[in-house]
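Please look over the sequence and the model shown here, which the paragraphs below take up step by step.

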Amino acid sequence: MTPLLLGKVISRAMGTTDSKASLLVCSVAALTLAGCGSSSNSGGESSSSEALTSSSATVSSAAVATSDWEAQLPVTITSQKTFDMRYDVTGSMRKVVEVELSIPDGYASLSLYQGDTLLIDNVDIASNSQKALNMLVEFDEEGEQDLRWVSRDGDVTVKSITFSDMPEVTLPSFVDNSSDIGLKTEKTFKYGGPSVGDLNDDGYFDFVLNNHNFVPTQVVMNQGDNTMEIERLFDWAPDLHGSAIGDYDSDGDLDIALAWGGA
């Protein structure tokens, strides 16, 4: 493994002229990351993400939304086939949703939409077995609501769905101010966890945002005034499988290591 030190790249990303912080790109021949494919399957993943983030433009429904949804169970949800149902919201707006399901493969995920509003976000389902998931949701209005169940990774067979009131629980509410602070980038499923550190030693945490091979690695610099500035490290999207921040050359500042995928 031969590391390549690209100090000027990360210096430019942080708006500096020196090479105080350096970028360490490692080509790891023996590195295998579970659950993360190489660039050869990127086309399928990106098209799947576009289908899901653009509502139901290219994803077919298992059936037209109906209040008689219990009669349709069990139903199998796939990456190309959703399950639409009409549910009459009464009583508490906060509900516990219990879903009995099974998956044939080692991994799948499940999401729930109320119209265009995401209620359950991509819950992981591990191991090929039968299980029951309990999830807490909050509806924004009473009456009949059109719900859509979506699976992104693998098939999910739903055997039963039960809604129960949970009035005594108060859920936190959040406001998405990403655009206001400059933290805006492409919508895609291929983002991994960020690597966090004070890259320019100004007392504020910055982070490196990884996106496998769909969007180039981005450095997000905290400006200290509740705003961010984003700059890509590359003009193209290399097949990178993660990053780590540390002082790799013992010079007193932080460096960035990127793991090259597809080895």
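Pro-74 lies in the loop between strand S3 (60–61) and strand S4 (75–77), where helices (H or I, at least four residues) and strands (E, at least two) are DSSP runs numbered from the N terminus. The model is a predicted one, in which local features need pLDDT of at least 70 and side-chain atom pairs count only at pLDDT 80 or more, while totals for chains, interfaces and linings use all residues. Residues are numbered from 1 along each chain as its sequence is written, and side-chain values use heavy atoms, with hydrogens and water left out.

Pro-74 counts as exposed because its relative accessibility is 56%, given that exposed means over 50% relative accessible area, buried under 20% and partly exposed in between (1.4 Å probe, protein chains only). Leaving aside neighbours within four places in sequence, Pro-74 is in contact (heavy atoms within 4.5 Å) with Thr-157, Val-158 and Lys-159. The C-alpha atoms of Pro-74 and Thr-157 are 6.6 Å apart, although 83 residues separate the two along the chain.

In strand S13 (residues 206–209), Asp-206 and Val-208 point one way and Phe-207 and Leu-209 the other, and all are buried. In a regular strand the side chains alternate between the two faces of the sheet. S13 pairs (at least two DSSP bridges) in the antiparallel sense with strand S12 (residues 195–197) over three bridges, where Phe-207 is the bridge partner of Val-196. S13 also pairs with strand S14 (residues 218–222), again antiparallel over three bridges, and there Gln-218 is the bridge partner of Leu-209.

The chain as a whole has three helices and 17 strands, and 39% of its 263 residues count as buried.
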